[in-house]
Amino acid sequence: MDWVQLWEITTLPDNVPIVLLILVIPFYTWYGLRQAFANDRLIDRLEADPEMAKTHHRKTQPWKPGWAREVQVWPYLLRMEFLVAIIVTFILMVWSITLDAPLEEPANPSLTMNPAKAPWYFLGLQEMLVYFDPWMAGVVLPTLILVGLMVIPYMDTNPLGNGYYTYKQRKFAIWAFFFGFIVLWLSMVVIGTFIRGPGWIWFWPGQTWDHNKLIFEANRDLPDMFGITSMLGKSLFGAAVVGLFALVTALGVHKLFTWNAFNRKIYNRMSLIQYVLLQFFLVTMMLLPAKMVARLLFRIKYVWVTPWFNI
Amino acid sequence: MADDLKEQKPAGKATALIGGVLKEVKGLKDKALDDVQSLKKPQKTQLYKSIFRVTHDEKPRNRALGILSNVFLHLHPAKINRDAVAYNYTWGMGGITFYLFIVLTFTGVLLMFYYHPTKVQAFRDILYLEHDVPFGKLLRNMHRWAAHLMIITVWLHMFRVFLTGSYKKPREFNWMVGVILMLLTMLLSFTGYLLPDDQLGFWAVTVGTNMARATPLLGHEGPLGPEFGMTAFNDVRFALLGGSIVDSNALLRAYIWHCIAIPLIAGIFMAVHFWRVRKDGGISGPAPVMLESEIKEPRRF
């Protein structure tokens, strides 16, 4: 184990924010879910006792009759904001005094950095370049991520869980978001930062970054493995495989989406357009893990080869 | 006039004059005392009243007016749900993000005083900032780390809004505005990366903009790009860099996007975002929990 190597990556000034992120995301996941489970217990009690549901204030926060529902913004909110501003300024000051922003040598087009890495928040996209061609990883998928995020409110027909933490009432939505945000996006950022070394080669944490390492990866295309040689055959075969993948994934998504009676009730509220959109974005999202497995475990470069594009 | 004065007795003239002056002086003294008295109560002065329209007494009405009549605070409502004030619901991430934007604007403007977006000067300006400008290093460090922190807080803000279902009706549109603001935040950070003109920024932006070559239809290496008439000298990457390589034009473009264009666009979207937070009914919760049995049937067309 090369601990020095790991320490050097971790303490690289530009990587400190991602270390912070790795600490902060689990904390806030726990912090949010803790409130969600507390609300879920309250929901269980209210559902078991309809009389209580009529009179209860329906929050986990303390409440006594006679308490005002609202408080004045000055001082109760503004003092919080002021305090937070002071704390953030203090943290920034300490951070800026103790850690210097990186500055490398002057830009030199004839001296390539290896590895040449994007800022950490874009390393998810750079890591996607391993699994997809640049037009897909750099343009189409980022666009779909943004559009997919934007249409979330219009696809989610579940009226429950509006304005309070809950897990029980929004299981599918929460799992889907956790999968996309934490399992895919954040883990790709972490892989891009800690795992990828010179030549964008996979180095396990603690493995020395060997700048002379060469890997003769015998990457192959899926049609070649089946002995298909003609371009027409490859195109049709790839289309069939991708189509089959989409179908199987869509069926899996449907199965999960209509898992129990409540989920089916939400499903019945959806319009056809909403459901098709949901399936499209989730199936597209699942392309990434599928391609990761194909590439990392089976060394498959392309599944679908055509004269115009390869996937 | 002169003849009249001559006819009066000199002594009587003098006493009248002195008496008049003394009277004037006493009047001035009273005025001066009044002014001194008013200094003891500055809140009663015209100057003070013209600036602050309401007295800051600890009365509910005045507390509310203090918010409503202040341009910087009027984005707040006068009153807010008592549970929403606690940190645990919102995590304060939206507010922290906005505060970091202000910090970045402030430090960024100061940095602009020392920076030339040219290939000759840019890197030297950073060295100058780090070694000669008083607190220059601290300034640059603060700008850098505030930018990174802002990305984290934007993501956490989105995470919280998702977990609380706050994007649901009636806040769907504001969620979309928020996604665009997240994109703008990341673009701001990315355009700033090139400005020191060092190896780190140069290669990061080279890698980043190389992806633009592959844009379908609009990039010269993208699917259907060549068929669409794209070359290295007219495609979308050329537009981003102002050339076919990352050079002085790219530096200038990154500078303009970073310091002027994106902050302006982000400012407009922020105005809409904050406005809609209020217009969509203020902060989303903590709302009373809803039960499954209370779901209403959706309206059909």
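Lys and Arg are counted as positive and Asp and Glu as negative, while His and the chain ends are left out. Each charge is placed at NZ of Lys, CZ of Arg, CG of Asp or CD of Glu. On this basis, the 25 positive and 20 negative charges of chain A have mean positions 13 Å apart. Chain B carries 35 positive and 24 negative side chains, with the centres of the two sets 8 Å apart.

The model is predicted: local features need pLDDT of at least 70 and side-chain atom pairs count only at pLDDT 80 or more, whereas totals for chains, interfaces and linings use all residues. Residues are numbered from 1 along each chain as its sequence is written, chains are lettered from A and ligands numbered from 1 in the order in which they are written, and side-chain values use heavy atoms, with hydrogens and water left out.

Secondary structure was assigned from DSSP runs, numbered from the N terminus: helices are H or I runs of at least four residues, and strands are E runs of at least two. Chain A holds 12 helices and one strand. Its elements follow the order α-α-α-β-α-α-α-α-α-α-α-α-α from the N terminus. Chain B also has 12 helices and one strand. Along its sequence the pattern is α-α-α-α-β-α-α-α-α-α-α-α-α. The radius of gyration of chain B is 32 Å, well over the 19 Å that the globule rule gives for 301 residues, so chain B is more spread out than a compact globule. Here the radius of gyration is taken over C-alpha atoms, and the globule rule is 2.2 Å times the number of residues to the power 0.38.

The overall dimensions were taken along the principal axes. The C-alpha trace of chain A spans about 75 × 55 × 35 Å. The C-alpha atoms of chain B fill a box of roughly 115 × 70 × 40 Å. Chain B is divided into domain 1 (19-69) and domain 2 (91-284), with bounds from an automatic or database domain assignment. The C-alpha centres of these two domains lie 48 Å apart.

Burial and surface were then computed for each chain. Residues are buried under 20% relative accessible area, exposed over 50% and partly exposed in between (1.4 Å probe, protein chains only). In chain A, 49% of the 311 residues are buried. In chain B, 43% of the 301 residues are buried. Accessible areas come from the Shrake-Rupley method with a 1.4 Å probe; for residues, only the protein chains shown count as cover. Chain A exposes about 16,400 Å², of which carbon and sulfur atoms supply 71%. Chain B exposes about 17,100 Å², with 66% from carbon and sulfur atoms.

Contacts (heavy atoms within 4.5 Å) were classed by sequence separation. Among those in chain A between residues at least 6 apart in sequence, 68% join residues at least 24 apart. The corresponding share in chain B is 61%.

Most residues other than glycine have a negative phi, and most peptide bonds are trans. Exceptions occur in both chains. A cis peptide bond joins A:Trp74 to A:Pro75, with omega about 10°. A:Pro75 lies in helix H4 (residues 73-76) of chain A. The bond from B:Lys169 to B:Pro170 is cis, with omega near 5°. B:Pro170 sits in the loop between helix H8 (136-163) and helix H9 (172-194) of chain B.

A:Arg58 has a phi of about 65°. A:Arg58 is placed in the loop between helix H3 (50-55) and strand E1 (70-72) of chain A. At 12% relative accessibility, A:Arg58 counts as buried. B:Trp91 has a phi near 60°. B:Trp91 falls in the loop between helix H5 (87-90) and helix H6 (93-112) of chain B. The relative accessible area of B:Trp91 is 0%, so the residue is buried.

A:Phe309 follows helix H12 (272-298) of chain A. A:Phe309 is partly exposed, at 22% relative accessible area. Its neighbours within four places in sequence aside, A:Phe309 is in contact with A:Trp135, A:Trp304 and B:Pro223. A:Phe309 and A:Ile97 are 212 residues apart in sequence and 50 Å apart in space, C-alpha to C-alpha.
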